[in-house]
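Here is a short tour to read with the model open beside you. Take it one heading at a time and look up each residue as it comes up.

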Amino acid sequence: MLKIEGLTKRFGQKLVVNNLSFRCGPGEVLGFLGPNGAGKSTTMKMAAGFVAPSAGTASICGHDVQTDKLNAQRRLGYLPEGAPSYADMTPAQFLNFIADVRGLDSRSRRDRLTEVIELLHLGPVLDQSIETLSKGFTRRVGLAQAILHDPDVLILDEPTDGLDPNQKHEVRQLIRSMSEEKLIVISTHILEEVEAVCTRAMIIADGRLLVDDTPANLVAQGAGDLDEVFRKITTSNASPTTEDRS
Amino acid sequence: MIRALFRRELQSYFATPVAYVFIVIFLMLMGTFTFSLGGFYERGQADLRAFFNFHPWLYLFLVPAIAMRLWAEERKSGTIELLMTLPVTPWQAVLGKFLAAWAFAGIALFLTFPIWLTVNYLGDPDNGVILAAYIGSFLMAGGFLAIGSCLSAFTRNQVIAFVLTVVACFMFLLSGFPFVLDLFASWAPQIVVDGVASLSFLTHFENISRGVIELRDLVYFALVIGTFLFANTIVLAWKQAD
């Protein structure tokens, strides 16, 4: 479903993502963890076809993101960092625009719009321009946009950032409920989120993959404290569970 | 696909007061220039030369104002990341946006029709010539917009996009001016002088606005628009994520 091979990104001299390889399939919720500037967002941007990699490939459902971009992007739902959307539109206009671009036909469009608006509780703000909405609503509009066409692969860059605890809980539930037939990749720096929704956790620092394990194993290592494991791994840069560091 | 992008872009012009402010100012300036500076009445002729003569100069400042937001705003708000990760090719995105801006310019131009009514009320003008001049004016606006759209893709700052576009359009206008051509005429062979002159919006616009729609003038505007929109897609591919 999502295959990353030797993915590398340089900005000038700086190596932001360093030879990253992994693959994952449906049913998985992959959590990207790492300190700020670790290369999580850049990796996601490359997987979504927004940033061209310096080396390596990414493919979604067998479609290479660079050479077969449109087919890859059709199968992908992507929430960019900060959940950008057109501020002068209302959520209703915005989601209709996305449905147009995604080529949803009129029947499935109505059903999907109703469903997504329901799922993310956008009903009360549908006709209010997005710039007047709170951060939580803006984020949920971004999420609605990403799942509207019911994609096989979802890449969500910090999906719960700016949400209050109840909203966080709901979005996590949403992610869990969708995870059966989809592959979902999220990035976060909230560790409890990884425990709550992810089936697999990857810790990335300085563009390198340091740990690739289940959240449960990670917790076990830290004697029940995920924060402790995270701190140990990302500050010492010593990797207890991966062999392929180079 | 292009239709969806076109609709969104055109909608966003009218979502804020910008469109209305623009149209009002455009019409006021058009009126002022035509009737006072252009001496519409004093000329005593039933034509709209006094009106169309000012179009290139008004466009020089007003069209970049329409074009500046096309890509700069996408960059600034981060929506470019959303747009370019939707299943949309750069060509579709560029074309959808450009056509929306062009349609908006067309709407503003169309709303100058009271001037046309006035001249028909006062006399008996050659409406064929006037129609040709409108077409020429619309094509010229398209050329300015294509330049503006391309330059707007370089920056996240709308003011920079505006200034760059004004300067670029100014050069395209000036290249048809006698004093620029004289500069070349003193030393360059005639073919170079003609080449420089043929680059000018003014030369081609004036040809058309005399009522003669020639293929080469149409081809010229099509080429300018095509070239700059192509450059626009290149700039996007090159600087997409910056």
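## Strands side by side

Two strands pair if DSSP finds at least two bridges between them. Strands here are DSSP E runs of at least two residues, while helices are H or I runs of at least four, and both are numbered from the N terminus. Before we start: this is a predicted model, where local features need pLDDT of at least 70, side-chain atom pairs count only at pLDDT 80 or more, and totals for chains, interfaces and linings use all residues. Residues are numbered from 1 along each chain as its sequence is written, chains are lettered from A and ligands numbered from 1 in the order in which they are written, and side-chain values use heavy atoms, leaving out hydrogens and water.

Now find strand 1 of chain A, residues 2-11, which pairs with strand 2 of chain A in the antiparallel sense over 7 bridges. Within this part of the model, F11(A) sits opposite K14(A) in strand 2 of chain A. Zoom out a bit and you'll see an open, antiparallel sheet of 4 strands in chain A, in the order 2-1-4-5. Its edges are strand 2 (14-24) and strand 5 (63-64) of chain A, and each of these pairs on one side only.

## A helix across the sheet

Which strands does helix 1 of chain A lie across? This helix (residues 40-47) lies across strand 1, strand 2 and strand 4 (55-60) of chain A. Contact means heavy atoms within 4.5 Å. The helix runs at about 120 degrees to strand 1 of chain A; axes are lines fitted to C-alpha atoms, for helices over the stretch in contact, with angles from 0 to 180 degrees between N-to-C directions.

Helix 1 of chain A is mostly covered, with 8 of its 8 residues buried. (Buried means under 20% relative accessible area, exposed over 50%, and partly exposed in between, using a 1.4 Å probe and protein chains only.) Among them are K40(A), T43(A) and M46(A). Just after this helix, look for G49(A), which takes a positive phi of about 85 degrees.

## Charged pairs

Time for some charges: a salt bridge is a side-chain nitrogen of Lys or Arg within 4 Å of a carboxyl oxygen of Asp or Glu. How many turn up over all chains? A search of the whole structure finds 18.

In one of them, K182(A) and D150(A) bring their closest N and O atoms to 2.4 Å apart. This pair links distant parts of the chain, 32 residues apart: K182(A) is in the loop between helix 6 and strand 8 (183-188) of chain A, and D150(A) is in the loop between helix 5 and strand 7 of chain A. K182(A) counts as buried because its relative accessible area is 4%, whereas D150(A), at 41%, is partly exposed.

## A nonpolar patch on chain B

Over on chain B, L131(B), I135(B), I213(B), L215(B), L218(B), V219(B) and L223(B) make up a nonpolar patch on the surface, with about 620 Å² of accessible area together. Helix 10 (127-152) and helix 15 (215-239) of chain B each give it two or more residues. Helix 15 of chain B gives the largest share, 4 residues.

Patch residues have over 30% relative accessible area and no salt bridge; like charges are joined within 9 Å and nonpolar side chains (Val, Leu, Ile, Met, Phe, Trp, Tyr) within 5 Å. Accessible areas come from the Shrake-Rupley method with a 1.4 Å probe, and for residues only the protein chains shown count as cover. Take V219(B) in helix 15 of chain B: its relative accessibility is 38%, so V219(B) counts as partly exposed.
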